[in-house]
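Here is a quick tour for anyone meeting this structure for the first time. Take a look, then read on.

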Amino acid sequence: TELREHSEKILDQTRSLTRVVTEFLKFARPVELADEQVALRPMIECLLPEVAEAVPGVPITIEGEFGDVSGDDALLRQAILNLARNAAEAVAENPGGGRVIIRGAIEQSGTMHGQRISIADNGPGIPPDALTKIFVPFYTTKANGTGLGLAVVQKIVVQHGGTIVARNQPQGGAEFIVWLPFVREAVRAIDSAVARI
């Protein structure tokens, strides 16, 4: 009936608006970090079924070496989950079969000792004009995206004293590289871009 159709449209729009508001609050709200020892490999292994449920049929492999970092387990989980799900979505319709590889490496550079996590896919890659903007709030290349997912990921990583970069791989596909220190010096307060406007 017509009433049912209108009701379903209203519900869809309400769900969409709720998602945008929730993502915005994650980005704009100050974050208090828990100070826990986060075992990265078990945490990543636990979130893979969630990615498989959201994006079925994309194999995800975990390789390399992972240690424990000092940080907030729930927030780091959210950041890695977002990156893994984005990678799986990017390759979901890859005609040759999509795949995602999460690689860990323990790195030491001078006094900096930390964990490198690479989330790589064999999808179409990131359009060159998007590479410089993908962490900017509200910028999105997805039809139903809020443009806040990667901004939230960047905020979480930086608040842990880490860095995140995105690049296209020479052999094709995108790669997001997260670096986290094993010991967080001090919680750094990050002003959101919104607060600076």
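Predicted model: local features only at pLDDT ≥ 70, side-chain atom pairs only at ≥ 80, totals over all residues.

You'll find Ile119 in strand E5.

As for Ile62, 57 residues away along the chain, its C-alpha atom is separated from that of Ile119 by 9.4 Å.

## The nonpolar core

In soluble globular proteins, nonpolar side chains tend to be buried together. Here, the largest nonpolar core has 42 residues. Among those with the most contacts inside this core are Met43, Leu83, Ile117 and Phe176.

Elements giving two or more residues to the core include helix H2 (40-54), helix H3 (73-91), strand E5 (112-121) and strand E7 (174-181). H3 gives the most, with 10 residues. And who does Leu83 touch, once its neighbours within four places in sequence are left aside? That would be Ile119, Leu150, Val153, Ile164, Phe176 and Val178.

## Salt bridges

The model has 5 salt bridges. One of them joins Glu45 and Arg41, with the closest N and O atoms 3.1 Å apart. These two are separated by about one helical turn, because they sit 4 residues apart in helix H2. Glu45 is partly exposed at 42% relative accessibility, and Arg41 is partly exposed at 29%.

Another salt bridge links the side chains of Glu175 and Arg167 (2.8 Å, N to O). Glu175 counts as buried, at 7% relative accessibility, whereas Arg167 is partly exposed at 40%.

Key:
Residues numbered from 1 in each chain as written. Heavy atoms only, no water. Core = buried A, V, L, I, M, F, W, Y, C linked by side-chain atoms within 4.5 Å. Buried < 20%, exposed > 50% of the residue type's maximum accessible area, 1.4 Å probe, protein only. Contact = heavy atoms within 4.5 Å. Salt bridge = Lys/Arg side-chain N within 4 Å of Asp/Glu carboxyl O.
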